[in-house]
Amino acid sequence: MSYVDPANVVYSYTEDPFFKDCFYWGEIKTLPMTELLKIDPTLTREQLEEISKYSQSWYDYYNVARFYENSMFYRDTCTLLYFNYKTTKKMVYKKKILEGGGTRVIEKDDKFNPPVEMMEEGRFEKIEKTIDVWYDGVMVMGTNFLLKWELSENMVRPKSASQHAIPNYVACAPRMYKGAIESLVRRMIPFADLIQLTHLKLQQVIARTVPDGVFIDADGLNEVDLGTGAAYNPEDALRLYFQTGSVIGRSYTQDGEFNNARVPIQQLTSNSGAAKTQMLIANYNHYLDMIRSVTGLNEARDGSTPDPNALVGVQKLAALNSNTATRHILESGLFIYRTIAEALTYRVADILQYADFKDDFANKIGKYNVSILNDIKDLYIYDFGIFIEISPDEEQKAQLEQNIQVALAKGDINLEDAIDIREIKNLKLANQLLKLKRVKKQEREEKMAMQKQEMMAQQQLQSQEFAAQTAMQNIQLEAQAKMQLKQAEVAFDIEKLKAEAELKRMLMAEEFQYQMQISGAKESLLADRDMMKEESKAKRISQQNTEQSKLINQRKNNLPPMNFESNEDTLDGFDMAEFEPR
């Protein structure tokens, strides 16, 4: 997309302010000669020289190359006319009826016209439709060279009316009558010329204005005596006047007569240019007011000289009247903007369906955006609903800000919501967002209140459950404590019994040891007694044997009787007499 200067555009005659019935468009461009070979590589050097020669004469006549007049390379440029021409094209198809009952359509050229009998015998028919097409061409101005003439490759066609094609140029001129466009600039040109003349006259008056001077009376200076003996000449008088602003003079002469020149220096004011200057400035302002009158751009619109005593409502009415006077410019801009937006939607759908670089296009805008475009590529333009809203003015912004402040004061929205609303340039969307934010906040507050109630009920239920659990836990703890106490008592009894059993076991073991010791002692005593008995018996037997021997010896030898009594008092042969002194 690019802007084209209307001064360089040609188009067919139309009375439509939106140029919808134009069948050709053209644009004048000044390009270097090297660009011609890019358009038509078959051009020869002789043809390029001829193009340069005749194109220069066309330059000089129409003054199109004025930007290149001061350049040494302007001879190497030429002016081309890029134009589009609208015509029709017939689309012919052959519809073949198959054996199974189906049909197949084959595209043919416009010369396909078989006889009816052949179509009936071959079971096919001819289908045709006529569509609008645009041809692109490039022509060298001032010559008959046509560098390019071909069918446009990428024509913009609405899907809801595919037989129509949108031209490559979008223009709008609401103030058109019988093909003539009424321009605000053309209305301003006469008064702008007068303003320029007035400005030149004002410069001339200012240049010829005479500065203020002084008048010096030489005869009056001769009668003045300073008392120093020196003469009071005009130079001293001027120096004294310009430095101090004082002038010395005499009312009477030296002869005593009245001095008519008692003020020797007087200032001369020249105001001959002031009245002319004021008159020219008044004319300047008058022509400026005339420009405002014919265009509708008044002081309330541009804010140049607002009246401090004017009411606010009056100023708003004046600004509204100025907006009404230039309403057609705004409507033209909106129409161009909306038409370009519609053309872009057509092109995007065509890219996704026909273009070879749709993969590159997907890589540039992202796969998620491509998926959205794929869903809407088959929709008609009225399904998109393209609308353009004008940015709000200061008054509307102030009203919106007032609504935001009221909502903030009441707590209907948060500060984050206010920031989001202020960022929206569309006033309707901003108000709708304000309503939505307000409703959402109310829903959030209601939801939070319900959640709070549910939370309180849940907390109460939890507190009751906690109290019941606490009571149950207390009961369980009390029972557990009793059980533990009982278990402790039982354990104590068991430990007591175990201790008693251990003591009894120890006593029994001790008693058993004592019994064993007693039994051992008894057995030892019995053994000792038996041993003593045996020893005593052995002694007795030995004594008896000894006594028998002695008796036998006595009998044999007839010895006297022998005393066999023992000298021991006890049976065991131990007597205390053994310890008596001897």
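## What you're looking at

This is a predicted model, where local features need pLDDT of at least 70, side-chain atom pairs count only at pLDDT 80 or more, and totals for chains, interfaces and linings use all residues. Residues are numbered from 1 along each chain as its sequence is written, and side-chain values use heavy atoms, with hydrogens and water left out.

The protein chain has 16 helices and 10 strands; these are DSSP runs numbered from the N terminus, with helices being H or I of at least four residues and strands E of at least two. Buried residues make up 22% of the chain's 582 residues. Here, buried means under 20% relative accessible area, exposed means over 50%, and partly exposed is in between (1.4 Å probe, protein chains only). Take the contacts (heavy atoms within 4.5 Å) with a separation of 6 or more: 62% of them are between residues 24 or more positions apart.

## How confident is the model?

The mean pLDDT (the predictor's confidence in each residue, from 0 to 100) is 78 for the protein chain, and 81% of its residues reach 70 or more. Confidence is highest in strand E1 (residues 9-11), at a mean of 91, and lowest in helix H13 (residues 381-384), at 53. Over residues 567-574 the pLDDT is below 50, and that stretch has nine contacts in the model beyond near neighbours in sequence.

## Two cores

A nonpolar core is a set of buried Ala, Val, Leu, Ile, Met, Phe, Trp, Tyr and Cys residues joined through side-chain atoms within 4.5 Å. The largest one has 14 residues, and Phe19, Trp25 and Trp134 touch the most other members. Strand E5 (residues 124-140) gives this core its largest share, three residues. Another core, of 12 residues, lies apart from it and includes Leu31, Cys78, Leu80 and Val138.

The chain exposes about 43200 Å², with carbon and sulfur atoms supplying 55% of that. Accessible areas come from the Shrake-Rupley method with a 1.4 Å probe, and for residues only the protein chains shown count as cover.

Val10, Phe23, Tyr24, Tyr85, Leu146 and Trp149 make a nonpolar surface patch of about 550 Å². Patches are made of residues with over 30% relative accessible area and no salt bridge; like charges are joined within 9 Å, and nonpolar side chains (Val, Leu, Ile, Met, Phe, Trp, Tyr) within 5 Å.

## Helix H16 and its neighbours

Helix H16 covers residues 427-557, and its buried residues are Leu427, Ala430, Leu433, Leu434, Lys441, Glu547 and Gln554. They pack against helix H14 (394-410) and helix H15 (415-422). After H16 comes Asn558, with a positive phi near 55°.

A salt bridge (a side-chain nitrogen of Lys or Arg within 4 Å of a carboxyl oxygen of Asp or Glu) joins Lys437 and Asp417, at 3.7 Å from N to O. This pair links distant parts of the chain, with Lys437 in H16 and Asp417 in H15, 20 residues apart. Asp417 is buried, at 7% relative accessible area, while Lys437 is partly exposed, at 21%.

## More salt bridges

The whole structure has 16 salt bridges. Glu182 pairs with Arg186, their closest N and O atoms being 3.4 Å apart. Another joins Glu128 to Lys126, at 3.8 Å between the closest N and O atoms.
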